[in-house]
Amino acid sequence: MKLRANLVIGGSLFALAILVGLLAPWLAHTDPVMDANLMNAEEPPSWTWWFGTDAQGRDIYSRVLYGARVSLTVGIVSQLINSVIGVALGLSAGYFGGWWDDVVNALTNLMLAIPSLIFALAIMAVLGPGLTSLLIALGLTNWSFTCRLARASALSLRSQGYVQAATVLGYGDARIMITQLLPNMLGPIVVIGTLGMGSAVLSEAALSFLGLGVRPPFPSWGSMLSEAREQITTAPWLSIFPGLAIFLTVLGLNLLGDGLRDILDPQSRSRRT
Amino acid sequence: MTGSPLLEVEDLRIDLDDGSRRVAAAEGVSFRIDRGETFGLVGESGCGKSITALALIGLLRPPLSIGGGVIRFEGQEIQHLSAAGQRQLRGNRIAMIFQEPMTALNPVSPVGRQIAEMFVLHKGKSWREANQLAVEALASVRVPAPERRVKDYPHQLSGGMRQRVMIAIALACGPDLLIADEPTTALDVTVQAEIIELMRNLCAERGTAILMISHDLGLVANVCRRVAVMYAGRIVEERGSADIFRAPSHPYTQGLVDSLPRLGSRAAHGRSRLKEIAGVVPAITRFPDGCRFNPRCAQATDICRTTAPPMEELEAGGFVRCHHHA
Ligand SMILES: Nc1ncnc2c1ncn2[C@@H]1O[C@H](COP(=O)(O)OP(=O)(O)OP(=O)(O)O)[C@@H](O)[C@H]1O
Ligand code: SF4
Ligand SMILES: [Mg+2]
């Protein structure tokens, strides 16, 4: 078996981010919110303060660890919502065709015409800031690529011999869509989903940066960047570490998406057995 | 219902709607298949065999549709069943296997699961029971080491093995009728013989009737008790298999029989060209008036060019559609 570097590196980075988020209470040196101490304000990175401290003397290392929780929750959950919506709409549109396909196409075009971050901003403006609003706003606005892909796959798979054979064997529409179409398009859908998670992490950062995300003082990578922007020259570590966390997580997700594309191909799956 | 045949097709007409007009892709198609019987449908490519089969299971889709006639399965008119009612027949009471064992299996699903799905779908079994039954089904089509093979994906199996899996799926629910549309064309000759033999034996054991569709008269006559020959959307002759070889009645059938390689003849060894029927099958939109075979028929007369011959019953048994039949 040939070593798939992208899968290994990407998977490790993503796994590391998840572990960091899960184990934050044990790995953190201090409480990310409570342990403010003006005596230690704006300490640069050192053996005591690995990533330095902020203007209130809070440990950046601990805040980055906790920040992983928000960023990953938003990235994973909102992308799952997007994938489910995109697959449900696209798959059924491609399979049934007709007026339903027209409706779904119109919706998709609408979504593609409006930049999803603008759309999410509008939703956030209505719902107000907070984690739930973030999940809803990002979960409802980034399904158009998945939908397009699912629809195109369903269209081409529909005429495959095994889909017609399933009809002949008495499968109903739902069973055909779930057992014959969905598994055969899952590879690219998962790849798109993984990449989408990366962009959701970025969107969370952007929205939090604009003050629409999780409310301070609880940390998210985006809100940390937002708070750090005035000290970017005097205390660059305040921006560098959350920025690095975002960068590595998104990089990891992109590499993982690439690597997954290879192993989700059934031909290559058996070549390894 | 005893007495009534398993399948009865009466004056079936299949329309092809090409947007501007309707043409009959098949018409006047009538035949019956009794329980456990083997019936063959033979004809050149494009004569309407597959669309007839699709009509039987209610799966004609636009631009094709049933334009008239009746199809009765166990006395029940298939066209009048609800969509759900038709679905319950398909795969359960009437099963079908195709020409393409390469593409008729889902590539990302283990073959055992695809067999098991039939028991879950039609027999209401739990997945546990169904998986067990799938191993038995695979054993019944003589796949070696079935308990290991159920976990294989289709691309791990040879063409012959895949066709065995297709047969296992088709026969899983113990259907009353198996439609086999060119089941072995894609396989090499020795595998072909094995698969046909297997299919015939399994169906004979279980009392499953077979409707075998092929362009190969020799193959069909070998498997089936009765054979119908189709030409340009019409059945032109229906006879017992032995009769059709001994004394083909329709000029087209005579041509088919003459073009078959005889065992032991030089033709069988490919040294001389087989006698072929001159000309080509007309396109649906350009069927000639009168008898559709008349442009290719050596015995054609004026009446053949104006009047379509009716189906006539032969004294020796069977039917033929020709003004000047033997
Ligand atoms: N979906 C379709 N749309 C338009 N025409 C069709 C369609 N399906 C079949 N036909 C036409 O109907 C006629 C009969 O087709 P059918 O598939 O039944 O032929 P066949 O006898 O099974 O031939 P073969 O031996 O090649 O399988 C052909 O002329 C074909 O072109
Ligand atoms: S009806 Fe005439 S043209 Fe047709 S097969 Fe008979 S003899 Fe030939
Ligand atoms: Mg055909």
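These are my notebook entries on a predicted model with chains A and B.

**Ground rules.** Because the model is predicted, I took local features only at pLDDT of at least 70 and side-chain atom pairs only at pLDDT 80 or more, while totals for chains, interfaces and linings use all residues. Residues are numbered from 1 along each chain as its sequence is written, chains are lettered from A and ligands numbered from 1 in the order in which they are written, and side-chain values use heavy atoms, without hydrogens and water.

**Entry: cysteines.** I then looked up two cysteines of chain B. The closest cysteine sulfur to that of C47(B) is in C291(B), 14 Å away, which is too far for a bond. For C224(B) the closest is in C203(B), at 10 Å, also too far for a bond. I noted accessibility as well (buried is under 20% relative accessible area, exposed over 50%, partly exposed in between, with a 1.4 Å probe and protein chains only). C47(B) is buried at 1%, and C224(B) is buried at 5%.

**Entry: helix α2 of chain A.** Helices here are DSSP runs of H or I, at least four residues, numbered from the N terminus. Helix α2(A) covers residues 60-96, which is 37 residues. I worked with an expected span of 1.5 Å times one less than the number of residues. Of the 37 residues, 27 are buried, so the helix is largely enclosed by the rest of the structure. Just after α2(A), I found G97(A) with a positive phi of about 65°.

**Entry: where A meets B.** Counting contact as heavy atoms within 4.5 Å, I have 19 residues of chain A touching 23 residues of chain B. The buried area (accessible area, 1.4 Å probe, lost on putting two parts together, summed over both) is about 1900 Å², 61% of it on carbon and sulfur atoms. V168(A), L169(A) and R175(A) supply 32% of what chain A buries against chain B, more than any other three residues.

I looked for salt bridges (a side-chain nitrogen of Lys or Arg within 4 Å of a carboxyl oxygen of Asp or Glu) and found 1 across this interface. R175(A) pairs with E117(B), with the closest N and O atoms 2.6 Å apart.

**Entry: I178(A).** This residue lies in helix α8 of chain A. I178(A) counts as exposed, at 55% relative accessibility. Its C-alpha is 9.5 Å from that of L91(A), although 87 residues separate them in sequence.

Methods: Disulfide = S-S within 2.5 Å. Helix = DSSP H or I, 4+ residues; strand = E, 2+ residues; numbered from the N terminus.
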